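Welcome, and thanks for taking a look at this one with us. Below is a short tour, arranged by topic, to read alongside the picture.

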Amino acid sequence: MPKLILVRHGQSQWNLENRFTGWWDVDLTGKGIEEAKAAGDLLAEKDVLPTVAFTSYQTRAIKTLHHALDRCNRLWIPETKDWRLNERHYGGLTGLDKQETRDKHGDEQVHIWRRSFDVPPPEMESGGKYDLSVDPRYAGIPVPTSESLKLTIERVLPYFQSDILPMISAGETVIISAHGNSLRALVKHLSGISDDDITGLEIPTGQPIIYEFDDAMKPAERYYLKDS
Ligand SMILES: O=C(O)[C@@H](CO)OP(=O)(O)O
């Protein structure tokens, strides 16, 4: 049965500091590295060994993938990076402290920015400290100025369907190392979760989630590998 493994990157420096991150390229903490290694150990222990890998353009997801693959002796498998698996773009909130933003704008407003389905945060100003539109890694790519979950889904899903699903159909065991919101986009689609319910789904760092597909490429309900 073809399998898909989803893993959210381990703890990042800004997860630890409680700052809005989005597309900003923050590295893993020591704890994040350990989470990624433990994910790889679990893949080895359960004998769920990836044959093809996908990740984003962001260091925390790339390093998580590499630490995990190292631990299950699969660093050699083909790997594709694509910006469409990036975290949702946090716009003008990027870099701000989440608690200070709550104190300034109120809990309700911050909850809307973080967890509404289709309300994007304020736009990022061009030329600001966290503007990545001139970063060479995004040359030729339409860098968003802000994204809701809905907008994130609109770039993650077509990429999944065109580039990742055919690999699963071909019998590969695919691993995707990505982010809270790019993975929400995939789980929403694969598990048929409503617009209202998906925003309440929290995806833990470094915990492999498994989808098994039947012959008609219909995914069964997801499960955490640690619980299998
Ligand atoms: O800051 C971010 O980019 C994301 C993921 O860490 O945070 P949130 O929980 O608000 O989606």
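This is a predicted model: local features need pLDDT of at least 70, side-chain atom pairs count only at pLDDT 80 or more; totals for chains, interfaces and linings use all residues.

*Loop residues*
- Most residues other than glycine have a negative phi.
- Asp47, which is not a glycine, has a positive phi near 60°.
- You can find Asp47 in the loop between α2 and β2 (52-55).
- Asn18 is another non-glycine residue with a positive phi, at about 60°.
- The loop between α1 (13-17) and α2 (30-45) holds Asn18.
- Asn18 is exposed, with 12 other C-beta atoms within 10 Å.

*Helices α6 and α7*
- Helix α6 covers residues 149-169 and helix α7 covers residues 180-191; they pack at an angle of about 70°, with their axes 9 Å apart.
- That angle makes α6 roughly perpendicular to α7.
- Their crossing is right-handed.
- On the α6 side, the contact includes Leu149, Ile153 and Phe160, while Asn181, Leu186 and His189 are among the residues they meet in α7.
- Sorted by class, this contact has 7 nonpolar, 4 polar and 2 charged residues.

*Around the ligand*
- The ligand is surrounded by Asn15, Phe20, Thr21, Gly22, Glu87, Tyr90, Arg114, Gly180 and Asn181.
- This shell divides into 2 nonpolar, 5 polar and 2 charged residues.

Key. Residues are numbered from 1 along each chain as its sequence is written. A residue is near a molecule or strand if its C-beta atom, placed from the backbone, lies within 6 Å of it. Ala, Val, Leu, Ile, Met, Phe, Trp, Tyr, Cys and Pro count as nonpolar, Asp, Glu, Lys and Arg as charged, and the others, Gly among them, as polar. Helices (H or I, at least four residues) and strands (E, at least two) are DSSP runs, numbered from the N terminus. A residue is buried if 20 or more other C-beta atoms lie within 10 Å of its own, exposed if 12 or fewer, and partly exposed in between; C-beta atoms are placed from the backbone. Axes are lines fitted to C-alpha atoms, for helices over the stretch in contact, and angles run from 0 to 180 degrees between N-to-C directions. Angles under 35 degrees count as roughly parallel, over 145 as roughly antiparallel, 65 to 115 as roughly perpendicular and the rest as oblique. A crossing is left-handed if the near helix is turned anticlockwise from the far one by less than a right angle, and right-handed if clockwise. Two residues are in contact if their C-beta atoms, placed from the backbone, lie within 7 Å.
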